[in-house]
Amino acid sequence: MNEYCSITDVKMGEGVKLSRFLNLYGCEIGHNTKIGAFVEIQKNAKIGANCKVSSHTFICEGVTVEDGVFIGHGVVFINDSYPRATSNSGALQTESDWKVERTLIRRGASIGSGATVLSNVEIGENAVVGAGSVVTKDVPANSVVAGNPARVLRYLAAEVEEAKR
């Protein structure tokens with residue numbers, strides 16, 4: 001790419017648009033997806049086609065983002081419910097000391113800027129997560145959630161059907 005990016009072992013679809021100051025390694029990015037500046041996507045993370053990942057976002061190992069998802073600025077994903085620096089013996093932890101926890105973002109979802117998404121959750125199809133929210137449990141499809149912890153405010157079923165017409 002250029003001297004402002006670190007891109008290693010990335011499976012990239014056609015038409016992907018990359019900004020500067022990226023750290024992408026061992027991940028997959030689908031066709032026509034746009035990745036903003038100062039984004040890190042770790043190994044074994046998967047980003048679908050026609051997505052937009054805004055600047056300053058961190059997508060860790062274990063996160064799968066389906067097609068057509070919007071991720072706002074400064075969104076952070078977590079893949080460990082009980083992170084620790086050291087093992088029981090006091091040594092720095094290695095990959096063998098913990099298990100990656102999964103997160104799934106379904107097709108068409110939108111995650112607002114500054115949101116934090118904990119591990120072991122699924123954000124449903126066409127769901128909207130409000131800016132600054134902390135997602136601690138599954139988000140139903142076609143819902144709008146916000147807050148800390150994020151709670152359902154309303155459902156979009158009628159609006160989503162109208163948009164499809």
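# Notebook: loops, salt bridges and surface patches

I began with H56, which is partly exposed at a relative accessible area of 49%. The model I am reading is a predicted one. H56 sits in the loop between β9 (52-53) and β10 (58-59). I looked up its backbone angle next. Phi of H56 is positive, about 60°, although H56 is not a glycine. I noted this because most residues other than glycine have a negative phi.

**Another positive phi**

I then turned to N44. Its phi is near 65°, a positive value in a residue other than glycine. I found N44 in the loop between β7 (40-41) and β8 (46-47). N44 counts as partly exposed, with 45% relative accessibility.

**A cis peptide bond**

Most peptide bonds are trans. Which residues does a cis peptide bond join here? I found N148 and P149, with omega about 0°. P149 belongs to the loop between β20 (143-146) and β21 (151-155).

**Salt bridges**

How many salt bridges does the structure hold? I read off four. Side chains of opposite charge can pair when their charged atoms come close.

I looked at K43 and E95 among them. Their side chains meet in a salt bridge at 2.7 Å, N to O. K43 is in the loop between β7 and β8, and E95 is in the loop between β13 (76-77) and β14 (103-105), so this pair ties together parts 52 residues apart in sequence. I checked the cover on each partner. K43 is partly exposed at 26% relative accessible area. E95 is exposed at 55% relative accessibility.

R106 came next. Its side chain meets that of E66 in a salt bridge of 2.8 Å, N to O. R106 lies in the loop between β14 and β15 (110-111), while E66 lies in the loop between β11 (63-65) and β12 (70-71), so the pair ties together parts that are 40 residues apart in sequence.

I followed R106 to a further partner. The side chains of R106 and E122 meet in a salt bridge of 3.1 Å, N to O. This pair links distant parts of the chain, with R106 in its loop and E122 in strand β17 (residues 122-123), 16 residues apart. I wrote down that E66, R106 and E122 are linked in a network of salt bridges. R106 counts as partly exposed at 28% relative accessibility. E122 counts as partly exposed too, at 30%.

**Surface patches**

Which residues form a positive surface patch? I listed K11, K46, K99 and R102. K11 is found in strand β2 (residues 11-12). K11 is exposed, with a relative accessible area of 58%.

I also found a nonpolar surface patch. Y4, F21 and F38 make it, and it covers about 280 Å². Y4 is placed in the segment before β1 (6-8). At 32% relative accessibility, Y4 counts as partly exposed.

**A threonine in a loop**

My last entry is T33. I located T33 in the loop between β5 (28-29) and β6 (34-35). Is T33 buried or exposed? I noted that T33 is buried, because its relative accessible area is 0% and buried means under 20%. What does the side chain of T33 reach? I traced it to the backbone oxygen of G30, at 3.4 Å.

Methods
Residues numbered from 1 in each chain as written. Predicted model: local features only at pLDDT ≥ 70, side-chain atom pairs only at ≥ 80, totals over all residues. Heavy atoms only, no water. Patch = residues over 30% accessible without salt bridge, like charges linked within 9 Å, V, L, I, M, F, W, Y side chains within 5 Å. Areas by Shrake-Rupley, 256 points an atom, 1.4 Å probe, with all protein chains shown as cover. Lys, Arg positive; Asp, Glu negative; His and termini not counted. Charge placed at Lys NZ, Arg CZ, Asp CG, Glu CD. Helix = DSSP H or I, 4+ residues; strand = E, 2+ residues; numbered from the N terminus. Buried < 20%, exposed > 50% of the residue type's maximum accessible area, 1.4 Å probe, protein only. Polar contact = N/O pair within 3.5 Å; in protein donor to acceptor, adjacent residues only side chain to side chain.
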